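Okay, thanks for coming, everyone. Let me put the model up.

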Amino acid sequence: MGFESEATTRSGESSDREVLDALDPAVREWWVDRFGSPEQDGGCLTPPQREAIPLIHAGENALVAAPTGSGKTLASFTAILNELFERERAEGLDNEVYCLYVSPLKSLANDIERNLAEPLAGIGDRLAERGVETDVRQAIRHGDTSSYERQQMLEETPHILNTTPETLAILLNSPKFREKLRSVEYVVVDEIHSLADSKRGTHLSVSLERLQRLAGDFTRIGCSATVEPLADIARYLVGFDRAEDGSADEPSGQGPRGSDGARNCEIVDARFARDYDLRLSCPTPDLVNASKGAINDAFYEELGDLVDANESTLVFTNTRSGAERVLENLRERGVVGEEESACHHGSLSKDRRQAVEAQLKEGSLSVTTTSTSLELGIDMPHVDLVVQVGSPKSVASLLQRVGRAGHRPGRTVTGRVIALDRDELVECAVMLRQAEQGFVDRVHIPERAHDVAAQHVYGMAIEGPLPEAEVRATLRSAYPYREYGDDDFERLFRYLTAEYDGLEDRNVYAKIWRDENDPPGGDDGDPDDPTSGTHHYPEFAVGERLVGKRGRLARRFSSRTSGRYRTRSR
């Protein structure tokens, strides 16, 4: 499949000067002004940046695996911005989307939007000094985007669009904005490890294949934390070339492919590129015989000392109520005041969460407590210590959480794990030992999920009649459906066409039709139901099996429940 091993990648590594010299002078100047000279001690690029920028600049699919705060997302955007600025000067940019950034969290998309603003403005200023005007645009679109903002994006389309998996699925069925996606050349999937192991990620993998059918080949970049197996995550990212007969198609433009039709993807393995200072402690010498009150008092005394000794401390608990309880106790014990402390979790209002995120970015909080909502997301450069209360339940979660500390290249990751009972002490000790030895958790990617397949087949049918073979090839191009067999498809189509006995008795009605394209002429009957009479689609061959939406009132439906995208008909 063309996956390079870490040793192979390292041996071909470019120097910082070579990487920067390949970029546009304005981009290069901004980078040096922001991060220093390539000749300085340690250079100006982190290990993932040093390897990823040349790959993306060359248009290669790439999976960049590196710890939080190592600059992998900036590496992706740097090469893309370089291409957009150069193309704008050479031939201009159309009013279309060239790059999609997909993130699992709306807060992360918001943060990337702000982070993109800095290089866009900085590079634009350097071009302006040369007398060159530039208008490379970026915007964010997700469930909170207003109808006015959505309309503005149609009139003045961002060249870089930041979005979420659910919104991307909706855009693929949006009659107007869908046309804006035909020009996509880059897709960046951030925190891909947090998506791949859920049906949410399964849904995204099929969306990317539908986008591929719409826009043609595009460069795929995945940014991942410390997980295994990287080869499977890479295959999940890039998918497979499938012909409409289900066989492996001709290789796409991103280099050779594997024997099973998987597209090429280069792996940048820099998972252990940062230095870690991790320690495990317990509040009392005897967790078995000490009273609960004594353990509690000793815990808050230890936590208070850690908060006092650091500029900004981030405290992770395993529940939202636990995050609120820890903060309340710290305030009651006089460790911190209300103005310099905060709690962040998913049950808070959007405005409150954004206010806390802004304070974290500016460094005005001495301590912030959270459950899981800050595991991914915003850049917090002032946090210098992460405290994990209790077991994080996995090595990956441990490294992800403590990686929020020292969120700047070159800084040591400092984390403290506090176990509050005997079982947690043993569990945490094993996790820290595994982390020290380089062990990482395996991500298990769901496969052949029928409910996700039903949503996408219905979405494709809504686009208009299309060959059934194309529907099959699109679904099988996605990694989770690479082995989706004919029997699976038959069961899926029977459900969507309501051929199973008793479905209508349960108010489950046909969502699609499935029929051969009739010869021209004859009584057309219902144009939305070819089974009601002879119907011919001149763009398809006579006898070709087609799939389309059933009923005139089928429409797209964005569901905020469970974060899923659904379609419905009535």
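So, where is the place of K180? K180 is in helix α9, residues 177-180; helices here are DSSP runs (H or I, at least four residues) and strands are E runs of at least two, both numbered from the N terminus.

Quick housekeeping: this is a predicted model, where local features need pLDDT of at least 70 and side-chain atom pairs count only at pLDDT 80 or more, while totals for chains, interfaces and linings use all residues. Residues are numbered from 1 along each chain as its sequence is written, and side-chain values use heavy atoms, with hydrogens and water left out.

Back to the lysine. K180 is buried but has no salt bridge. Buried means under 20% relative accessible area, with a 1.4 Å probe and protein chains only, and a salt bridge needs a side-chain nitrogen of Lys or Arg within 4 Å of a carboxyl oxygen of Asp or Glu. The nearest side chain of opposite charge is E96, 6.4 Å away. What the K180 side chain does reach is the backbone oxygen of N95, at 3.1 Å.

Now the strand. β11, residues 367-370, is covered on both faces: V367 and T369 are buried on one side, T368 and T370 on the other. Strand β9 (residues 313-316) runs parallel to β11, joined by four bridges; pairing takes at least two DSSP bridges. There, L314 stands opposite T368. Strand β10 (residues 341-344) also pairs with β11 in the parallel sense, over four bridges, and H344 has T370 as its bridge partner.

Conventions: Buried < 20%, exposed > 50% of the residue type's maximum accessible area, 1.4 Å probe, protein only. Lys, Arg positive; Asp, Glu negative; His and termini not counted. Polar contact = N/O pair within 3.5 Å; in protein donor to acceptor, adjacent residues only side chain to side chain.
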